4 protein chains.
Amino acid sequence: MEDVKITYIGGGSQQWALHLMADLALSKSLSGTLTLYDIDNEAAEKNKEISANIFGRPEANAKFKVEVEPDLDTALKGSDFVVISIEPGPTEKRFIDLKIPEKYGIFQSVGDTIGPGGMARAVRSLPVMADFAHHIMAVCPDAWVINYTNPMTWCTAALFEAEPEIKAVGCCHEVFHTQEMLGRWVRDHYKVDLPKRHDIVLDISGVNHFTFATRAMWNGQDILGEFEKSLPALSPEQLTKNALEREAEENWFDCDFRVATDFLKRFGVLGAAGDRHLAEFVPWYLKSKEELNSWGVAITPYEWRVRRSKEQDKARKAFLEADLKPSGEEGVKMIEALAGADGATCRTQCNLPNIGQNDFAPEGHIVESYGLISKNKIEPVACGVLPESVQSLESRIMTVQGYILEGIMNEDKATVYEGFALDPLNSLTSRKSEELFDELFEALEVNWG
Amino acid sequence: MEDVKITYIGGGSQQWALHLMADLALSKSLSGTLTLYDIDNEAAEKNKEISANIFGRPEANAKFKVEVEPDLDTALKGSDFVVISIEPGPTEKRFIDLKIPEKYGIFQSVGDTIGPGGMARAVRSLPVMADFAHHIMAVCPDAWVINYTNPMTWCTAALFEAEPEIKAVGCCHEVFHTQEMLGRWVRDHYKVDLPKRHDIVLDISGVNHFTFATRAMWNGQDILGEFEKSLPALSPEQLTKNALEREAEENWFDCDFRVATDFLKRFGVLGAAGDRHLAEFVPWYLKSKEELNSWGVAITPYEWRVRRSKEQDKARKAFLEADLKPSGEEGVKMIEALAGADGATCRTQCNLPNIGQNDFAPEGHIVESYGLISKNKIEPVACGVLPESVQSLESRIMTVQGYILEGIMNEDKATVYEGFALDPLNSLTSRKSEELFDELFEALEVNWG
Amino acid sequence: MEDVKITYIGGGSQQWALHLMADLALSKSLSGTLTLYDIDNEAAEKNKEISANIFGRPEANAKFKVEVEPDLDTALKGSDFVVISIEPGPTEKRFIDLKIPEKYGIFQSVGDTIGPGGMARAVRSLPVMADFAHHIMAVCPDAWVINYTNPMTWCTAALFEAEPEIKAVGCCHEVFHTQEMLGRWVRDHYKVDLPKRHDIVLDISGVNHFTFATRAMWNGQDILGEFEKSLPALSPEQLTKNALEREAEENWFDCDFRVATDFLKRFGVLGAAGDRHLAEFVPWYLKSKEELNSWGVAITPYEWRVRRSKEQDKARKAFLEADLKPSGEEGVKMIEALAGADGATCRTQCNLPNIGQNDFAPEGHIVESYGLISKNKIEPVACGVLPESVQSLESRIMTVQGYILEGIMNEDKATVYEGFALDPLNSLTSRKSEELFDELFEALEVNWG
Amino acid sequence: MEDVKITYIGGGSQQWALHLMADLALSKSLSGTLTLYDIDNEAAEKNKEISANIFGRPEANAKFKVEVEPDLDTALKGSDFVVISIEPGPTEKRFIDLKIPEKYGIFQSVGDTIGPGGMARAVRSLPVMADFAHHIMAVCPDAWVINYTNPMTWCTAALFEAEPEIKAVGCCHEVFHTQEMLGRWVRDHYKVDLPKRHDIVLDISGVNHFTFATRAMWNGQDILGEFEKSLPALSPEQLTKNALEREAEENWFDCDFRVATDFLKRFGVLGAAGDRHLAEFVPWYLKSKEELNSWGVAITPYEWRVRRSKEQDKARKAFLEADLKPSGEEGVKMIEALAGADGATCRTQCNLPNIGQNDFAPEGHIVESYGLISKNKIEPVACGVLPESVQSLESRIMTVQGYILEGIMNEDKATVYEGFALDPLNSLTSRKSEELFDELFEALEVNWG
């Protein structure tokens, strides 16, 4: 058993911390200390209370001492790993990200990655991330930092902008769902047992939530061509029906992967994220709520987000009553590999500064690719060469991300606006674009310049 | 006097040929033969009739023998210069370019450069251009080819795709209007006499009709910053009024340069083409006829185009009645410089394959920059480095142009569609985009594959 | 046990085939058929005779049927794997590579990779490799091709030039020795047990035999800085003594890694190949036999190569008398991983077309990096970013390799000469360079043009 | 007549200042003030004395007031133009550049541009240039700076490194000799009158003293192919004889252009500088004095340089006794064009930061190309695309120049050494290279770090 100290920043007000504890409890090769730090210290304390239950269950392999620490530097002291998963602000702040753009006709299905909502959320998050980076490099510079916070690209970039030597990686489970969808297709198409997620091996490239699979292998064969050919037709009416059912069931995260496969049909590569994410990077699907519904996608409502944020105790209770099971996240597998536990290695998605894994992206831009994780080492895999058409879509997003990152880090609104104006989801008229930008910044109450 | 043979391909049904003859007549250093070739041979004959009048006027310096030749190879024989200005007509074909996209809510202010209309026009024009290239290289491979045909980028590219060794250049007067507008501003702002067009010296970069001035000099000083600061506010209401007046007066080509200056404000560089052109390259101004009008721009109507094409005799008559005056085009100046007449050189806009004059564009892409013209030599000037934001806008256009060029030259609809789908003016939903594409190709009646 | 068919092309006249059989015999997860093809069919038959002994030993885990097949297409039929290790022999042909350049004062320590000798060997090898590629794609297009033939970069490139869809990879053990050297240093410096080779984890980048380690990890720590600091001084006299001892003992492949560490001192990255290879890529060590000796390196003599080629029966006998032990090569591990045996994966050096793993190399150039091998999949790892200085050295070599590859594939001597003239090892005067080139081509007896 | 103030920095101890005065006196469109500043104030005073003679001659058109000013800032005050031509003297310091490398077998034909001599001279010159840049931007930031000081690339780069907004350009007459040589060939080959220099129109690209002509036009035709074909054979013996004659006559700057044409033969482009310069950028011609002589080139000796530096009074006397004639430099033509005199423009060689005129060079690297000079404006012309082979040679030189520039500006010997080690002329063994470097730095007596 490798003995490690993990510090968890944030996660208190969501179930993320519980899931991490569950995965740690199920680990066969780790033990040590888990320190919870949250600006909502009460939430951290509640999670600590639950920890005894989790690590005490018979199916738990690992033993972890769980503690709450309200001082960040004390929490970080001696850490081998720092996991960051925060929300900037009470959930009500998401009003800015979601409801203000809606007044201008911009409906974002998620609103935490790109578009006006993503930009607004970045303005609120990046200074916090930069501050974490400084504390980590001052207190535990050798620790690996695993970031789960969105907007993923910007938050991970802020860590490196603030502290270029930080050992950080951004992680996201979005591609897992693409693997699972392809797994179900394999089961149905080839009449075989449902493959495990890892049996669908993808090559991906792009930026987080806007990645593309250039290849998908199952059982050593590339199945992408056959998948495209066999895709059944689904009418807009049927897809709208699916979307409305999802709304009724508050099943916001589900989709039919019809945006993902529309990319496959148009450009030859499969969108490798949920449709609600993919749709936010281009101007083609989010013209209206109805148009988005006609692709099978529901818009996650602001009101539901606020409501859910108030039901954490209920969620904790449900967690306690259920069996202990793997979260599906790969953070603990990464920690095992980085710790060198049992010599395990792990190939998973990583958001990292580009050193060539994405052959057309600027050097240093945070891109998503597979990474090979081993003892104290993460190295990106160069696996997917995108067609020029999709490179063009990605490049625009990277330019937008670059301007907005630079603008926020330098507290310079004019530079942020250059990125905002180029965002494909912002197809407002020139005058309306400026109005929206001003209204967002007024609501964000930044104190710049 | 340098003795040259010039072959004019097309131009019969418009006044272009008349303007060229006027400029030739006013030249102090050229003489020779002008051969008119047009598939509408009757139009060519009518122009020839006028030539006697033009070259016989007392203010005419040059003597040119004008002849009509209905066979292309015979017309080309012995040519030193070939001027190409064709319409892939009849003008009624522009119905495809303009009226079909309108059904889908895409209003193009010009429709001959980019967007669905530009693509459709390219499908009709490029095979003709490629055919000209083959004839020229077979008959008069040392001739300089001056192309005035739109879509400029694609038509010039087709010449080089068909015959990489061709000595061709694409010319456009669009930037002249930017110089003139700045000249008027200099007059008013500095209380001086109206500067001549050439006294406003620009640095430009981009693709034709979507170029940007990174600097504007007058009297040895950069005036762009002062120009931006001194720009008076004009309300959308006032601009709409201007646009409607222009419509009433059929004054389609005029504008207030408010799109051009909106780029200056957003991105720091001045759009260096008329607003009706600039607006077609981004999704921000052409949401509706009303939106475009609110920038002072009128949409050139299909119906007017057809009507004008029927009024050529009237136009010829008007030309005969007027004084002989320079057209404002620089084609004849270029011919003088290329012929080495009087050792003259000329710095003017040129559309040429990129060899670095545009530092971020792909090698070989047809880009617009200044060129230095001297005896048998055109060399591009590297003058304008665009900000990253505008590079991103330009790069997308170049990607679109690249796919559509390749698709048309290879008669491959799927490749054309990749470009069509990425065009910023095509912000249709994915399904509507396919519908429009199919309807356009049905109307184009191509016989591919 | 995964059942596979492996075809071995060449290897007859050396012990390579015996080593492969030994590794196969020791595999715990493979079985199947090994087909030996060699233009020296007698050598293949002798190897087959030995196979019964190898697979019959008690320590052998795997059962393989070994057969000899003199017809290439028959040998390839049904293959899952093709291993290529040929010499464009007879060995006497190496006279061209080694002895002719010596007349001009160019002493090559190896002469099979780069420099005049490497070029001459490439001229003899590449047509053969291209021919293999055509046969493989015609008979067993899904087979993985593992190339061990030098010049590695050129031979692997020829496979892809001839058949762009081929599933090929080039393998070389040269980096293993760097790991072993660092392992010995770790043992001595940290007073610990000798680490296993795989416990020294390198990041490498470059072209085969001219790769550089940008990082070297042991036990999760980067040891390169400490290694550089602790390196004891060794005088040229001592190193010369070492070299002469190696000559006396015919111990040609050994070295003191003083060229490798000279790069570390000059440019901050460790040469990750034997000194005899590294020295051939720059003009700094091979001025004379004496200069090379002063770095501890002996020149492998032509005469020894010829003698050894005649002593194959002796080598086979020695092999039979020894215990069956792993060869140290990783080919069989790669085959296991590619076959999906036990779900094993493997991280090893791979020579593959560049898709970004080498961020400054031209797309498609064969570069060496680590690769991650899994079921039917090899993906390069982007791990080492070289300093600009070393990028410059590598870029020159890639330019040389590009010209010579193109020249040989097109049978165009002028293009080969452009590469030959730029080779850093060829610092002959301009006139002497032409003389040597002509003499080499006369001896090569090509029938081009 | 445009009234301008020109400040001349340096030039006192050579005839440069006299030549500039002669060209000014012959100008038909300039008048004003010429201020001479030199750390050898006595030399400046002597030049001033001569000025009365020069501007008083009957053939002088322009009237200039000439003054000497020993304080730099006072000299710069109100300047429109600053001409810099200094020697980081006394000339005896060239012992370092020339005689120390010779001890190691490195014979430099010039030793003021690249190689160990160029590096040593750069170490002495760059701090001075940077200091000038700071003074200019403080006192006369709108002035155009025309640099004639070698090493041209480094000295011009230092101006921009120190003051990125400086309006500077580097000028060199080296390409003029290539035009003149081609002119003589045209005369002989086509049996015509000797063309004027400007009638030979080149396309050039590269770095100063290592530029290449990709095209050479005369009378509107490309003559490079015909020139290459018609080049008579010259034996090494004959060329050695020529070189020894030049030595005897102290005719150091003359050559047979056989290195220039050897590049043409090897790589298809004509070296566009004197052979004594070209030979210093590659390891192929300067193996020994004898080898260089066998190309017709003599080595300019250190002793002659020292002697000449002591004979300035003799040179001034000779100047006074001769007729006033144009120097052949184009500095005054550039000043006329920049001043907007008579609307003249000028196409001449310029050393400027790369913005694309050299399509493969790093952005901002000082490269030589043609430039178009007009009123207050210099814009580079993108005219020559070099073959990949020559790009590789140039790229190495740019890498060397980049490291050495960075090292000198930061006073960092290790970085200077990285460039020094990569210099193609430095093909010393690794140990000797370090020795030479240390000896040079000891002699340079820098006080760094």
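Predicted model: local features only at pLDDT ≥ 70, side-chain atom pairs only at ≥ 80, totals over all residues.
Let me start with how the chains relate. Take chains A and B. Chain A can be laid on chain B with an RMSD of 0.1 Å. Now, which surface do they use? Of the interface residues of chain A, 100% are also interface residues in chain B, so the copies meet through the same surface.

Next, chains A and C. How many residues does the contact take from each chain? It takes 20 residues from chain A and 20 residues from chain C. On the chain A side, strand β13 gives the most. That strand covers residues 377-380 and supplies three residues. What is the make-up of that side? The side of chain A that touches chain C has nine nonpolar residues, six polar and five charged.

Some pairs do not touch. Chain B and chain C share no contact. Their closest C-alpha atoms lie 15 Å apart. Chain A and chain D have no contact either, and their closest C-alpha atoms are also 15 Å apart.

Now inside chain A. The contact between them takes 11 residues from domain 1 and 14 residues from domain 2. Look at the domain 1 side of that contact. It splits into five nonpolar and six polar residues, with no charged ones.

There is a record to set beside that. An unreviewed UniProt entry lists residues 205-425 of chain A as "domain: Glycosyl hydrolase family 4 C-terminal". In the model, that span is 44% helix and 17% strand. Its end C-alpha atoms lie 21 Å apart.

Last, one residue in chain D. Ala315(D) is found in helix α14, which runs over residues 312-321 of chain D. Is Ala315(D) buried, exposed or partly exposed? Count the neighbours. There are 14 other C-beta atoms within 10 Å of Ala315(D). Buried takes 20 or more, and exposed takes 12 or fewer. Ala315(D) is therefore partly exposed. Compare its position with Val123(D), 192 residues away along the chain. The C-alpha atoms of Ala315(D) and Val123(D) are separated by 29 Å.

That is the tour.

Conventions
Residues numbered from 1 in each chain as written. Chains lettered and ligands numbered in written order. UniProt positions renumbered as here; feature names shortened; annotations may be inferred. Helix = DSSP H or I, 4+ residues; strand = E, 2+ residues; numbered from the N terminus. Least-squares fit on C-alpha atoms with pLDDT ≥ 70 in both. Contact = placed C-beta atoms within 7 Å. Nonpolar A, V, L, I, M, F, W, Y, C, P; charged D, E, K, R; others polar.
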